[in-house]
Amino acid sequence: MSMDATADELIELEESGVRVLVVMRGRRGPGTDTVLRRLVAGGAGVPADDVELVHACEVCGARHGRPVVAYPTTPSGGAWFADAAVSGDAIVAAAGTRRPVGVAIEIAVAGFDGVIDEAAFHASELAALAALDPARRPLVRAALWARKSALLRAVGHTGFIEPSTLAVSVPGDDGGVGRVERSVPEFGPGWRDIRFHDVPVPGNRAGSVAVLG
C-alpha cells in the first residue's frame, strides 16, 4: 500500500442505528471532517460536499464536543448526529439519526501516572485495572478512557464533570458493549441507556463510540 492510500472499514451498530467508519489514511489522506461528511452523505443520500458541519457549541459557541450537522436533515426534518476522532493515521467517524454520539481514540501507554489516574478513573475502575495482567492493562486503560472521552463529546455542553466520579464497565468483561455503572447528576435518568461500542483501531490504540440513551 502506498503512503497515500486509505483502507476503510464500515461497521453497522444495528441496535442503535449508528454507522461507524474506520479509515487508515496515508500521508496525504483525508481529514477528519472529510471522512465525517462522507459517512453522513452515504447515509443521507446527498453529495458529501453538501454536508454542513458546525463545530461551534450551540450553547456557548466554543469549539468542544461533537459537531452539529446543519445539513442534511432526516426525511422527517430531524437531526443527524455525528462525531469523529483522529489518532495519527487512524480516523474513526460515527453517524446516526436516533441518538447523539461521541467518538474517541486513545493510545495505550505502558507507564502510568498515579495522580493522573486517580483524577481520571473511579476507584472501582482503578481496582479492576490493578487486577489485570500487566501486559493487558495499558490497552484496557486506554479503552476505559476512550469510553469516558467519547461520552463527554456526545454530551457536549455541560458543567464540569470530574471523570473519577463516573464509572463505566471494564472492557473485556462486557462483550465490547459497555455501560455506565456509576453516573453523575449531569447525565439525568437516561444514563442507564448509554452504550459504549468498542471499535478496533490498528496499532496500540483503543477506539470507542458512545451512544446516548
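Select helix α3 (residues 123–130) together with helix α4 (residues 137–155): their axes come within 10 Å and cross at roughly 160°. This is a predicted model. An angle over 145 degrees counts as roughly antiparallel, and α3 and α4 are therefore roughly antiparallel to each other. The crossing in which α3 passes α4 is right-handed.

Next, display the side chains at this crossing. On α3, the contact is made by Glu125, Leu129 and Ala130; α4 contributes Arg137, Val140, Arg141, Leu144 and Lys148. By class, the residues of this contact comprise four nonpolar and four charged, with no polar ones.

Keep Leu129 selected and move to the largest nonpolar core, which has 23 residues. Those touching the most other members are Leu129, Leu151, Val180, Phe187, Ile194 and Phe196. Helix α4 gives the most to this core, namely six residues.

Now centre the view on Leu151. Which residues does Leu151 contact, leaving aside its neighbours within four places in sequence? They are Leu166, Val180, Phe187, Ile194, Phe196, Ala210 and Leu212.

Finally, turn to strand β2 (residues 18–24) and select Arg19, which is found there. Is Arg19 buried or partly exposed? Its relative accessibility is 22%, so Arg19 counts as partly exposed. With neighbours within four places in sequence left aside, the contacts of Arg19 are Leu10, Ile11, Glu12, Leu39, Gly42, Gly43, Ala93, Ala94 and Ala95.

Definitions and conventions. Residues numbered from 1 in each chain as written. Predicted model: local features only at pLDDT ≥ 70, side-chain atom pairs only at ≥ 80, totals over all residues. Heavy atoms only, no water. Axes fitted to C-alpha atoms, helices over the stretch in contact; angles between N-to-C directions. Helix = DSSP H or I, 4+ residues; strand = E, 2+ residues; numbered from the N terminus. Parallel < 35°, antiparallel > 145°, perpendicular 65-115°, else oblique. Left-handed = near helix turned anticlockwise from the far one by under 90°. Contact = heavy atoms within 4.5 Å. Nonpolar A, V, L, I, M, F, W, Y, C, P; charged D, E, K, R; others polar. Core = buried A, V, L, I, M, F, W, Y, C linked by side-chain atoms within 4.5 Å. Buried < 20%, exposed > 50% of the residue type's maximum accessible area, 1.4 Å probe, protein only.
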